Amino acid sequence: GISIHRTSIGQFYNGTLVKKADLNPADLVFFDTSGRNNGKISHVGLYIGNNKFIHATNTKGVKIDDLSHGYYKKNYVLAASVINKK
């Protein structure tokens with residue numbers, strides 16, 4: 001019963017900001033994958049716990065990655081909850 005926008009930036013505005021340390025499963029995690037790394041949201045994943053998130057990629061389909069490794073650690077912007085919206 002939750003409706004969210006179709007774009008990653010729009011999905012952030014559907015939720016409530018969550019600190020990275022306070023992530024819960026089903027929170028949305030947002031990244032800057034534009035190549036500029038200037039904090040502009042361009043990709044979203046769904047946090048699944050244990051510092052991992054699931055997301056769709058252009059080349060490898062749907063996959064699970066770790067927030068603390070390489071590319072996604074560097075390009076993490078913020079997170080939001082659409083379930084626990086206040």
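Analyst: At 0% relative accessibility, F53 counts as buried, where buried means under 20% relative accessible area, exposed over 50% and partly exposed in between (1.4 Å probe, protein chains only). F53 sits in strand β4; strands (E, at least two residues) and helices (H or I, at least four) are DSSP runs, numbered from the N terminus. A word on the source: this is a predicted model, in which local features need pLDDT of at least 70 and side-chain atom pairs count only at pLDDT 80 or more, while totals for chains, interfaces and linings use all residues. Residues are numbered from 1 along each chain as its sequence is written, and side-chain values use heavy atoms, with hydrogens and water left out.

User: Which residues is F53 in contact with, leaving aside its neighbours within four places in sequence?

Analyst: Contact means heavy atoms within 4.5 Å. The partners of F53 include V29, F31, Y47, I64, L67 and Y72. F53 and L67 are 14 residues apart in sequence, yet their C-alpha atoms are 7.1 Å apart in space.

User: Which residues make up the largest nonpolar core?

Analyst: In soluble globular proteins, nonpolar side chains tend to be buried together. A nonpolar core is a set of buried Ala, Val, Leu, Ile, Met, Phe, Trp, Tyr and Cys residues joined through side-chain atoms within 4.5 Å. Here the largest one has 10 residues: V18, L23, V29, F31, Y47, F53, L67, Y72, Y76 and A79. Two or more of them come from each of β2 (28-31) and β6 (76-81). A second, separate core has six residues, among them F12, L28, F30 and A80.

User: Where does the backbone show a positive phi without a glycine?

Analyst: Most residues other than glycine have a negative phi. N50 has a positive phi of about 55°, and N51 has one of about 65°. N50 lies in the loop between β3 (43-49) and β4 (52-57), and N51 is in the loop between β3 and β4 as well. N50 counts as exposed because its relative accessibility is 73%; at 27%, N51 counts as partly exposed.

User: What residues line the largest pocket?

Analyst: A pocket is an open set of points on a 1 Å grid over the protein atoms alone where a 1.4 Å probe fits, with protein on both sides within 12 Å along at least five of seven lines; lining residues have an atom within 4 Å of a point. There are 13 lining residues, and H43, A56, T57, N58 and Y72 lie nearest the centre. β4 gives the most to this lining, with three residues.
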